[in-house]
Amino acid sequence: MSRLSRKIKASRELIDIGWSECVDLPDLGLSRIKAKIDTGAATSSIHATRVNPLMIGGQLVVEFWFRAHRGEPARKFRAPGVEQRRVKSSNGAIELRYVIETTMILGSVGWKGHMTLANRNTMSFPLLIGRRALRRGFRVDCARKWVLGQPEESDR
């Protein structure tokens with residue numbers, strides 16, 4: 001457990017967030033990515049296309065393409081792979097997805113967590129933050145959005 005997570009658990013203070021927030025993914029060099037907060041989803045997910053698993057130095061690394069903000073071209077990213085996992089998608093279908101490990105920052109809380117790679121092209125948000133991430137000390141107010149700060153003007 002990270003120092004930040006321990007601090008929040010020890011104080012029992014919850015951080016209020018809305019149903020949509022901006023998340024930083026510093027391991028990927030990404031900041032202020034629009035995310036839907038989804039207490040119904042167990043695992044967080046990131047939009048990914050052209051997913052390609054690689055073995056580098058005996059370790060699984062997953063390469064994928066992602067477009068961080070509207071109007072930007074997609075870029076190639078690499079992240080440590082954890083496994084392939086069967087996930088029930090929002091339409092009820094079971095999909096086999098790669099899972100990566102990366103650092104996520106939401107407000108003042110940062111942690112290493114897992115994200116599945118999924119084609120979220122038809123979704124409004126490129127990131128989905130699930131309840132495993134939210135148990136680090138967040139309280140979701142479904143009537144509010146952008147509690148921790150508005151996205152950049154070009155991404156609204």
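**Close-up views of a predicted model**

**View 1. Arg32 lies in strand β3, which spans residues 30-37.** Strands are DSSP runs of E with at least two residues, and they are numbered from the N terminus. The model is predicted: local features need pLDDT of at least 70, side-chain atom pairs count only at pLDDT 80 or more, and totals for chains, interfaces and linings use all residues. Residues are numbered from 1 along each chain as its sequence is written, and side-chain values use heavy atoms, with hydrogens and water left out. The phi angle of Arg32 is near 55 degrees, a positive value in a residue other than glycine. Arg32 has a relative accessible area of 24% and is therefore partly exposed; this class lies between buried (under 20% relative accessible area) and exposed (over 50%), computed with a 1.4 Å probe on protein chains only.

**View 2. Trp146 is located in the segment after β11 (138-141).** For Trp146, phi is near 55 degrees, a positive value in a residue other than glycine. Trp146 counts as buried because its relative accessibility is 12%.

**View 3. Leu25 belongs to the largest nonpolar core, which has 30 residues.** A nonpolar core is a set of buried Ala, Val, Leu, Ile, Met, Phe, Trp, Tyr and Cys residues joined through side-chain atoms within 4.5 Å. The members that touch the most other members are Leu25, Ile46, Phe64 and Ile129. When neighbours within four places in sequence are left aside, Leu25 is in contact (heavy atoms within 4.5 Å) with Leu30, Ile46, Thr102, Thr103, Met104, Met115 and Leu127. In soluble globular proteins, nonpolar side chains tend to be buried together.

**View 4. His69 is situated in the loop between β6 (59-66) and β7 (75-88).** With a relative accessibility of 13%, His69 counts as buried. The His69 side chain reaches the backbone oxygen of Ser31 at 3.4 Å.

**View 5. Thr43 occupies the loop between β3 and β4 (44-47).** Its relative accessible area is 16%, so Thr43 is buried. The side chain of Thr43 makes a polar contact of 2.5 Å with that of Arg132 and one of 3.3 Å with that of Arg85. A polar contact is a pair of N or O atoms within 3.5 Å; within protein, one must be able to donate a hydrogen and the other to accept it, and residues adjacent in sequence count only if both atoms are side-chain atoms. Not counting residues up to four places away in sequence, Thr43 touches Arg85, His114, Thr116, Leu128, Gly130 and Arg132.

Methods: Helices (H or I, at least four residues) and strands (E, at least two) are DSSP runs, numbered from the N terminus.
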